[in-house]
Amino acid sequence: MPSLLPYAHGWRQALRRRTPFSALRTCPATPPEEAASTKTEEAKRQTFERSAAELASLMPKWQARWEAAHHKRPQLPPGDDSPSSKAKAKAYVLPMFPYPSGELHLGHLRVYTISDVLARFKRMQGCKVTHPIGWDAFGLPAENAAMARGIHPEKWTLHNIQTMKTQMATMGGKWDWDKEFRTCDPDFYKHTQRIFLMLHERGLAYQAESLVNYDPVDMTVLANEQVDANGCSWRSGAKVEKKMLKQWFLRIKAFQQELLRDLDALAENGNWPERVLTMQRNWLGRSEGMKLWFQVNAIHYGLQPTDIEVFTTRPDTLFGVQYLALSLKHPFVQLISQSDPDLRAFLDRAQTLPPDSKEGYRLRGVEAMNPVSKLSPTPDPSIPVYVAPYVLDDYGSGAVMGVPGHDARDHAFWRANTNHLPIMQVITSDPGTVPEPLLAGSDNDTPMLSTGFIASNISLVTSKAFPCGGLPSDEAAAELVKCMDHNSIWNEKTENWRLRDWLISRQRYWGTPIPIIHCSSCGPVPVPLEDLPVRLPNLPDESFQGNAGNPLANDPEWKKTACPKCGSAAERETDTMDTFMDSSWYFFRFLDPKRADSPIRPREANNGMQVDVYIGGVEHAILHLLYARFISKFLATTPLWPNGATVHGEPFKKLITQGMVHGKTYSDPETGRFLRPTEVDTSNPKAPIIKATGVTPNISFEKMSKSKYNGVNPVTTIQKYGADVTRAHLLFQAAVSDVLEWDEEPITGVQRWLIRVLRLSTGFFISPQTEKTFKPPHNFDANFIDLLSGFRNMGVLKKAPNARPGAYKTPEEELLAALKPEETDLWAKVQETIASVTKSYSETCSLNTVISDLMGLTNAIWDVGETSVTSIYLRYVAVLHLLRMLAPVAPAVAEEGWQNLISKTSVRIRTNTEHPFRYEGKPGVFAFGFPKAEEDILAKLRLTNQCVFMVDGKKKFETAIRKPPAHLGTVGEVGEVERYVLKVLAETEAGKEWFGDEGKLWKVAREMRERGGEENRMGEDVDIMEDEAFELIPRGWRVKIVGRGKLVNVFSPKKAKTPEEKPAAGVEI
Ligand SMILES: [Zn+2]
């Protein structure tokens, strides 16, 4: 008969808890716990509410104390291994510049929380952190508010800043307020003007007559980027008009090659998100192609034939050109318009058409000649010429060829303007075929957009040396160029950019005045440096009331000045700068915010730049970043940032773009109407109902807006739950770059977790007996072996069980073996968490993972029973580590917990004047830095064997399992090693498939039992087993374990009878 081994009680408990195999368990079910009385439930609820209220009060409590302690910062004792005693690396952590709208919203809270968490982490790692904040204070909303309210924009702006600072204080961020500035302060904009003049001196700022986008509501010029696809202003939403105005531009195109090339450097190590790089690349829009010239005949207008330059990226489609389209401002169009009143009328009307309009005007009697028609027979070589708003004046030369068979926009244009005419197809996906023309209204009337093969009926007739039909697109294009060159048809390989120079003129008051003086004899003259800043006139409040137009242009006093060159009467430039100009260099200023004579000292720029982590919304991923990169690259070519070139003049080393915050939105399923929160009964959060109708509302998460009643005031949330809970919840709910669906319901999970952390920090696990003699380790950052040696010396750690001399090769091995498995597990968990959390904070910025890792560690510390005095000490140190890792996310909870835990042991600390806890009174959690993972200890704690698992001698799988502790099998019960190995094997992924509830092992056993047979001994009563050994191995089966777990072979009862299978180191069960 197989022997039924008595199992150690603790083992069985562990097994029961961790591997709930219930398939064959027949022990009577534990009687259901008595339903808790209402009283207990009520008491629990009250306890929770008390703890939750305490959580909510912690930030104000600690903020006040931190503030008070600000001037006598705690320092660590000298000579220790703390980060502060080493040379500090710098870390410049910066959230994108806030615009002072006057209202802190959840999007702000999200970005400032991320930024604060990263800055605190870097500070705890011992870096010299710069974490400033300032205000992007110029801009239209302030001016519009001023006009609506009759109040100076500055007053409105300063009031908003004050409000937002008060709101921001509630979230517990640690900011360098001594570096704060506002872009509307003359002390700042003086330097914006200085940078403008530096650009001007280098020919990078210039004035030009230009057809501009004019917003008739805001009465100002907009950059192309500020006009949406429907031709409306990004701010006012008004239909944008085209106007010819003299404007100031910055020559960003001079840097386009570098702006494109250096994206590769930013991509390294995933420092910039791929999608942002793509957006930058697309905005720069470099395309390779060729220029060629179409001859245009306009005899109808009495004009000589003329050649019009066309740019194309797809020379392979030249055979399919069916029309030519010219921009509204094309010189040829302007010329014709002089004698064509209909065209003039069209041009006037076209100003108001959206940029993607399909309207066109066919120039009567004007025809163009496709240059390839000289090389290949074409049915009709002359093609119509249109004027079309979709053609941009400054793309190529303002003329494009129309290939409706192979371009979606050209196809739509052709159908809109000619309707029924067939469309040629000259590219095909099957080599050697001739595609059918596209017919209007037919099913296949869609252009083929991709490259392919030239239709096989196309040939270049002028020379047999140039094949064409059937060639792949790229080869055909190359052949075509060769053939054109051979036949003296002029063509030019070239590149084109979508990027335009940056239009910075705004006809508004509330911006940085452009420091230029216009003199009738000298032209535009820069304001001398000593005269900077050119200040805005201080206008009375009422002058803004309902006032449209540019107050600067309407202020003759302010405008009047003398020419700095010739001294004659002159006028100031009345345009101010686009506010993107302010935000394109402000990050330099934070490094030297008080400097009066220069935007920044070169030394400060060299030492402080780049920004190490830049955090902001993805909506700023194009323009702001492009302009900031441009100005930084420019500054890197000046004496202001001498070392800039070493980082390609790139300002932001790592970029983190956080996703938007969406609000929980209720709507009526019948009418689709959005519901106010007051209209919905959410007393049962799982089943809300519309109060008026009792109907279940539709719930969605959408961009927060007043019309959807889904806005959330972060200050209210912070007041209700506390800053720490709100911060942790916000980080936990979504990965940083994902959309955050703000839902308050799961916040209780975070509350419970932090309550548990505080509970652990009371040191409840230190038993009264232990407390009397408890000595916290002097250096809890010591490596683990030293920590254990310390415990040994104090008599806390007992000798390892050892049946025979020489069981342990080294003292280190003996110390580790002295630990209980739960203790080893706990420390392995601590070390794994430190490593993982450090990586998440510093490399991946997966802050939601930080929270889940810390939750896991909290539970692991919570779950360790009091197996020995050592476990108390280990839990104590583990909680210290937990609190330090938590501190960046939940600073007040961490501080509270830290002080609690230290107080618990203060009796002992008080007698030791050199104890770090005693130094400078009670230094806070932040003074002790961030724990460092001890890389090599994990391998010693988590020793594994490669284990081969076999059934009846046949290999089933191989997996890594933990090695049995050294002392197992040397003392204690027979079969300890086997039980240990089986247990850890069953916990592996592959093991679960075999040993789990419906595991394969049980299936095999069942099949054998069903087949029956005399020799099957496990038959009769599988269902009434008494020993839990049967939870892993079917009764009657036998296991043989070799090499302390390198091989596990399980034998079915049938095999077990074979005499030669007698196990050597195996155990029968
Ligand atoms: Zn002059």
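Helix axes here are lines fitted to C-alpha atoms over the stretch in contact, and the angle between two of them runs from 0 to 180 degrees between N-to-C directions. Keep that handy; the model you're looking at is a predicted one.

**Exercise 1.** Work out how helix 24 and helix 25 are arranged.

*Solution.* Start with the axes: those of helix 24 (residues 821-844) and helix 25 (residues 847-863) come within 9 Å and cross at roughly 165°. Angles over 145 degrees count as roughly antiparallel, so helix 24 is roughly antiparallel to helix 25. Next, the handedness: the crossing is left-handed. Last, look at who touches whom. Residues of helix 24 including L826, V830 and Y841 meet a set in helix 25 that includes L847, L854 and I861.

**Exercise 2.** Find the donors of the zinc ion and name the geometry of its site.

*Solution.* First pick out the donors: the SG atoms of C519, C522, C563 and C566 coordinate the zinc ion at 2.2 to 2.3 Å. Along the chain, they're spaced as C-x2-C-x40-C-x2-C. Now check the angles. Among the four donor atoms they span 106 to 114°, and the site is tetrahedral. For four tetrahedral donors, the ideal angle is 109.5 degrees.

Key
Residues numbered from 1 in each chain as written. Predicted model: local features only at pLDDT ≥ 70, side-chain atom pairs only at ≥ 80, totals over all residues. Heavy atoms only, no water. Donors = N, O, S within 2.8 Å, 3.2 Å for Na, K, Ca; no water. Tetrahedral: all angles 85-135°; square planar, octahedral: opposite > 155°, others 65-115°. Helix = DSSP H or I, 4+ residues; strand = E, 2+ residues; numbered from the N terminus. Parallel < 35°, antiparallel > 145°, perpendicular 65-115°, else oblique. Left-handed = near helix turned anticlockwise from the far one by under 90°. Contact = heavy atoms within 4.5 Å.
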